[in-house]
Amino acid sequence: MKEKIIRSPFFYVGDKYRLMPQLRKLFPHKISTYIEPFAGGGSSFINTSADRYIVNDINFYVVALHDMMKSYAGRIDEFFQKIYDLISRYGLSCSFKNFLVPDELKKKYEKTYYAHYNKAAYLQLREEFNESRDILSLYLLLIYGFNHMIRFNRAGQFNLPVGNVDFNKNVYSSICGYLHFLENNDVTFSNMDFANFLDRQAFDENAYVYFDPPYLISDSEYNKFWDESEERRLCFYLDELDCKGVRFGISNLIMHKGATNEIFLEWSRKYFCYDIRSNYISFNDNSVKKSSREVFVTNYAETESETVIFFNDIKKSGKDTEFSQMHIAI
């Protein structure tokens, strides 16, 4: 198992970077083929040890970004030169290269000076991307855009506003780590529906499938096309994998802001369920009753974790849901 956690250079919403120290302890010890149907930014696969990786996402541009980065594996200097040329061409700030925001602007806009400085250049870059569809330009929009999101309007135009960020040492380090991983590992990307993607796989004995689907009861931008029918279809497919003897793990929210994912909760009773301390849950709150609860569910018990949780009772009172649980050593 890898020791250092690598940050994805896409800084994707819903990224599992901060959760990987917990999650990879729950992954199987030996993985031949790591398969991921909902890859997003990719922090999960780049922090898992396997012989090869088959990675998918339904979002065309997410996969195009991964493929673009893969094309520069072994050519890291060339990639950075092209990025720096684009930054210079548009006049964007780049704190990593000491292309800094003027001090007077920092004083005037103490907390938002990057957004004010880069706005005009960012909008020009955005306009030209919408004409050219150049994926390297899209990556730069992702770095400088609000919350590093990928968002298109109904007309198919990228419409995310500028963010209060720039190209810094964290971006540089994450690119280096990701390109190094792609250079030294066998990784294949695809762009299709999760079920179609999985139907094409030949699962060997030590294959492992990790699912990080859109969360039904959260309100993130990338979840807006996920509904109850998709949740049920996913649960049905997971049962099919279990019948075939394929090992899987899945992350999901059971509770969030007063809502309960009843579909996933009921389905999860058949398998091993682990608590995950996530961005949705306070690290200082160890009580059973919480506003949110994220879990990791598996159909195997070969993990480094000491306990597995089985939800055996649900108590509802108004908008609150309380889970009684048993902790069983494994």
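Modeller: Here is the conversation, going from the whole chain to single residues.

Modeller: Please keep in mind that this is a predicted model, where local features need pLDDT of at least 70 and side-chain atom pairs count only at pLDDT 80 or more, while totals for chains, interfaces and linings use all residues. Residues are numbered from 1 along each chain as its sequence is written, and side-chain values use heavy atoms, with hydrogens and water left out.

Biologist: Welcome news! How many helices and strands does the chain have?
Modeller: Helices (H or I, at least four residues) and strands (E, at least two) are DSSP runs, numbered from the N terminus. By that rule the secondary structure comes to ten helices and ten strands.

Biologist: What share of the 330 residues counts as buried?
Modeller: Buried means under 20% relative accessible area, exposed over 50%, and partly exposed in between, with a 1.4 Å probe and protein chains only. Of the 330 residues in the chain, the buried share is 51%.

Biologist: How many residues of α6 are buried, and what covers them?
Modeller: The buried residues run from I135 through to Y144, with S137 among them. The cover includes α2 (60-70), α3, α5 (113-132) and α7.

Biologist: Which residues does F79 touch, leaving aside its neighbours within four places in sequence?
Modeller: Contact means heavy atoms within 4.5 Å. F79 is one of the residues with the most contacts inside the largest core. With those neighbours left aside, its contacts are M68, M69, Y72, L136, Y139, I175 and L179.

Biologist: At what angle do α3 and α7 cross?
Modeller: Axes are lines fitted to C-alpha atoms, for helices over the stretch in contact, and angles run from 0 to 180 degrees between N-to-C directions. The axes of α3 (residues 76-90) and α7 (residues 169-184) come within 11 Å, and the crossing angle is roughly 145°.

Biologist: Which residues of α7 make that contact?
Modeller: On the α3 side, the contact is made by I76, F79, F80 and Y84. The residues from α7 are Y172, I175, C176 and L179.

Biologist: What kind of aromatic pair do Y84 and F167 form?
Modeller: Rings of Phe, Tyr and Trp (its six-membered ring) pair if their centres lie within 6.5 Å; planes under 30 degrees apart count as stacked, over 60 as edge-to-face and the rest as tilted. Here the centres are 5.9 Å apart and the planes are at 75°, so the pair is edge-to-face.

Biologist: Where in the chain is F167, the partner of Y84?
Modeller: Y84 lies in helix α3, and the two residues are 83 residues apart, so the pair links distant parts of the chain. F167 sits in the loop between α6 and α7.

Biologist: Is K82 buried, partly exposed or exposed?
Modeller: K82 has its place in helix α3, and its contacts beyond four places in sequence are Y72 and L136. Its relative accessibility is 36%, so K82 counts as partly exposed.

Key: Core = buried A, V, L, I, M, F, W, Y, C linked by side-chain atoms within 4.5 Å.
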